[in-house]
Amino acid sequence: MTSAYRRPELAKAASGFLLALLCAGVAACGPAGSQGAAASEVLDTSQLPRVAGAKQIYASPFSTVYTTPASVAQAADSIAKTMTSAGWKAYVAPFTAYAAGPEFQMMSFKKGPQAVEVSISRAPAQGNATSVSYTGLALVNDLPAPNDAIDIAFDPTRPYLSCFTAMMVPATLDYYTNALAPMGYVLWPGLAQQTANKKASGAEIRADHAYFVRDGAKPLHLVMHRGDEPRTKVEIEAVSAEMLTAEVAPDVLPEAPSEQRYHTKKAPDGMDKMFDDAMQQMTNAILTAAGEAVANTGKPSSKPVSAQDTKPPALPEMFAEMAEAAGVEQPAAETSEPANEELVAEDMDGFPVPESRTSTHSGKTKYRLEREVTVPASLASVLAFYRRELPKVGIKESGAIVEGDMTLLKLTTPTGKGVLSLKQVDGETVVSFIERREDEAKKAGILPKSGQAKLIFGSMAETPATITLGKQTIKLDPGAGSGSKPDGPMLDLAPGKYAYTVAVPGAPASNEEVEVAEGEAWALVVGPGGGSMPLHMY
């Protein structure tokens, strides 16, 4: 799918439009796992604070769009103040800078297990008014932040949260002990006594860490550090349970260690002496070769260099013979094949992904699920991981195709059919999983006819819009396609690439292009200021 219209404000606004098509309801989009009673609260974006002079274009619990005569900067400042007063905390994704300029700004706020994304942009088609959209998000995981927290970075998928607070380190630890308790987390007893001893000492604590544990969940690791400035840096994230083991991994010795067990050094026998001599011979050879290499750096060689010359010297024959006589197994020749490693699984909204992934992308509608991760491991390791983990969540393999550095698995899921592709790229494995829920698409009337594709049209414009595609003219009323199920115009067409034009009164016509494949369904949503945004529905 390609489109000439790529303004970020439309992408953000359209992500909240047609949410009635994308989610079966709050339960389908809600957080995974227990988040306490707060998880059951329903966020209604239509009730969120608005900028003065707001003129509503569209409103629903999932998404709300309105315009205001205020400038983008004025609207952003007003929203930040009113949302903060209502108990919402602004945050950014870790290591991410949000756009902020005279034409467009984006902000994110969280409050318990709920979040809202706000995009603010200038709308030329609305008399240069400012368009504001609220998109509700149900967080997969929640992590609390102190009331005075600033500079919050938050990733609900890992989960991870960092911030600064004016509280001292002990007070910060007390805060998290209390704030995490309603979520079922308790302070890990492995460090409880150490923490109590620090407090009892009366000394100033400028750095500390702790773990919080809950049955059926990964431990949370809290790290606190207070530098020269009067504030404490806080980082809390989910970690592997192996870190708890590492905390108490002992160099623990018995009260009276046995000399025979730990420190006895027997007198060398004949075999020991032979091994020592061989090791010394090998060491001398390596040092001699290294010395010659250093001495000859930059000098031309007097003999031709062959491939054999570039290989490391063989193990001294005497050492190899002794090892064989003593029953010592010789090391195998090096191989370019990477060693398989057993990857640790992490749940991503019902789909297993390796914990060690370096990037994550996800998309979901009521009719289609997409997951993409990059894993720093061999394709063989990742393939073994999915063949082990997928059956645990009810996903069965029905076929496989292996071609070079790529493997495709055909899957049957509890809610449809899927394809898992694994591709080796630059030493990492890119994982892509796509599930299509045919029964849901058929119920909603968006299932393409056999051998064809389908386009579904909607509009966020305040005035009537028109899309011209070939000889077809699709007229869209304001708010078209925003019903509880797809109710906008639909078009069945052959797979291929199509040019089309979007026209909205007061804005220049936008010439765009769409490419659809057999069996796909896409929504084309006209934005408040013209242009369109594609949404992959099925």
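**Salt bridges and a cavity in a predicted model**

Colleague: Which residue meets R206 in a salt bridge?
Modeller: This is a predicted model. In it, two side chains meet at 2.7 Å, N to O. A salt bridge needs such a pair within 4 Å. The partner of R206 is E204.

Colleague: Is E204 buried or exposed?
Modeller: Exposed means over 50% relative accessible area. E204 has 53%. R206, at 34%, is partly exposed. E204 is therefore exposed.

Colleague: How many residues apart are E440 and K366?
Modeller: Their side chains meet in a salt bridge at 3.9 Å, N to O. E440 sits in helix α12, and K366 in the loop between β15 and β16. The pair links distant parts of the chain, and the separation is 74 residues.

Colleague: D492 and K454 meet in a salt bridge. Is K454 buried or exposed?
Modeller: D492 lies in strand β24 and K454 in strand β21, so the pair ties together parts 38 residues apart in sequence. D492 is partly exposed at 28%. Buried means under 20%. K454 has a relative accessible area of 6%, so K454 is buried.

Colleague: Which element gives the most to the lining of the second largest cavity?
Modeller: That cavity has a volume of about 30 Å³. The elements giving two or more residues to its lining are α5 and α6. With 3 residues, the top contributor is α5.

Colleague: How many nonpolar residues are in the lining of the second largest cavity?
Modeller: The lining includes V169, P170 and L173. By class, it has 1 polar and 2 charged residues. The nonpolar count is 5.

How values were computed: Residues are numbered from 1 along each chain as its sequence is written. This is a predicted model: local features need pLDDT of at least 70, side-chain atom pairs count only at pLDDT 80 or more; totals for chains, interfaces and linings use all residues. Side-chain values use heavy atoms; hydrogens and water are left out. On a 1 Å grid over the protein atoms alone, a cavity is a set of points where a 1.4 Å probe fits but cannot get out, and a pocket is an open set with protein on both sides within 12 Å along at least five of seven lines; lining residues have an atom within 4 Å of a point. Grid points are joined across faces, edges and corners, and a volume is the space filled by probe spheres set on the points. Helices (H or I, at least four residues) and strands (E, at least two) are DSSP runs, numbered from the N terminus. Ala, Val, Leu, Ile, Met, Phe, Trp, Tyr, Cys and Pro count as nonpolar, Asp, Glu, Lys and Arg as charged, and the others, Gly among them, as polar. Buried means under 20% relative accessible area, exposed over 50%, partly exposed in between (1.4 Å probe, protein chains only).
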